[in-house]
Amino acid sequence: MRQDPGDRIRPARKAVIFNMIVRKYRSEDLSEILKLFYDTVHSVCKADYTLAQLDAWAPAAPDTERWRASLEKHYALVALTDGAIAGFGDIDETGYLDRLYVHKDRIRRGVGGALLTKLENAYPITEITTHASITAKPFFEAKGYVAVLEQRVTRRGVTMTNFVMKKSLEPRR
């Protein structure tokens, strides 16, 4: 069967990382998180977005104080492997999953899933909402999220596509 050139070919899943530690975000994590965010967006997402879109989404000089305030306000976690941050994510008390990123060299190894499970259980909520990139949409779909809206958003004057995705959770007792 011929493959349509537009079809995305996903590499096979790599070995799961067993020596991973997931812990709460600390302020001293910020510089490593910002580097991970920039590097991951600019490498993992380059097939789905233009360079201008990547630069608008993950600029070389981010607003560190805005990041710090947001991560401190939300329930934020980091995943560590071999003493380095392999991923991070954060969620607020309303169930808005603001960020979930995995180091470009650690994708498909269980880091994102481990972080997501802990974030989904952070608050007694029955629904999670996130805005997922084109690149991240298949990951979230595999975790039970449903795209409810494809939208065009503008970041730093550049328009790009993402998806509002939701997942219903069982009420916790």
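## Close-up views of a predicted model

**View 1. Arginine 99 and the residues around it.** Setting aside neighbours up to four places away in sequence, arginine 99 is in contact with Trp67, Ser70, Leu71, His74, Phe88, Gly89 and Asp90. Keep in mind as you look around that this is a predicted model. Arginine 99 belongs to strand S4, which covers residues 96–102. Is this arginine buried or exposed? With a relative accessible area of 10%, arginine 99 counts as buried, because the cut-off for that word is under 20%.

**View 2. Serine 70, seen from its helix.** Serine 70 sits in helix H3 and is buried, at a relative accessible area of 16%. Which residues does serine 70 touch, once those up to four places away in sequence are left out? They are Asp90, Asp98 and Arg99.

**View 3. The open sheet.** Seven strands make up an open sheet with mixed pairing, in the order S1-S2-S3-S4-S5-S7-S6. Strands S1 and S6 (146–155) stand at the edges with a single partner strand each, so one side of each has no neighbour in the sheet. From one strand to the next, the twist averages 25°. Strand S3 (residues 84–91) and S4 run antiparallel and are joined by five bridges; if you look for isoleucine 91, its bridge partner in S4 is leucine 97. Helix H3 (residues 64–73) packs on the sheet and touches strand S2 (75–81), S3 and S4, its direction making about 115° with that of S4.

**View 4. Strands S5, S7 and S6.** Strand S5 (residues 127–133) and strand S7 (residues 158–168) run antiparallel, with seven bridges joining them. Glutamate 127 has serine 168 as its bridge partner in S7. S6 and S7 are antiparallel too, joined by nine bridges, and here valine 146 has lysine 166 as its partner in S7. The hairpin of S6 and S7 has two residues between the strands, and in this hairpin arginine 156 takes a positive phi near 50°.

View 5. In soluble globular proteins, nonpolar side chains tend to be buried together. The largest nonpolar core of this model has 23 residues, and those with the most contacts inside it are Ile33, Phe37, Trp57, Trp67 and Phe88. Helix H1 (30–44), helix H2 (51–57), H3, S2 and S3 each supply at least two residues of this core, and H1 gives the most, with six. Tryptophan 67 touches Leu30, Ile33, Leu34, Phe37, Pro62, Phe88 and Arg99, not counting residues up to four places away in sequence. Apart from this core lies another, of 20 residues, among them Leu97, Val111, Tyr145 and Met165.

**View 6. Confidence along the chain.** The protein has a mean pLDDT of 90, and 88% of its residues reach 70 or more. Which element has the highest mean pLDDT, and which the lowest? S4 has the highest, at 98, and strand S1 (residues 20–24) the lowest, at 94. Residues 1–12 stay under 50, and the model has nine contacts for them beyond four places in sequence. Where pLDDT is low, the predicted coordinates should not be read in detail.

How values were computed:
Residues numbered from 1 in each chain as written. Predicted model: local features only at pLDDT ≥ 70, side-chain atom pairs only at ≥ 80, totals over all residues. Heavy atoms only, no water. Helix = DSSP H or I, 4+ residues; strand = E, 2+ residues; numbered from the N terminus. Buried < 20%, exposed > 50% of the residue type's maximum accessible area, 1.4 Å probe, protein only. Contact = heavy atoms within 4.5 Å. pLDDT = per-residue confidence, 0-100. Pairing = 2+ DSSP bridges. Axes fitted to C-alpha atoms, helices over the stretch in contact; angles between N-to-C directions. Core = buried A, V, L, I, M, F, W, Y, C linked by side-chain atoms within 4.5 Å.
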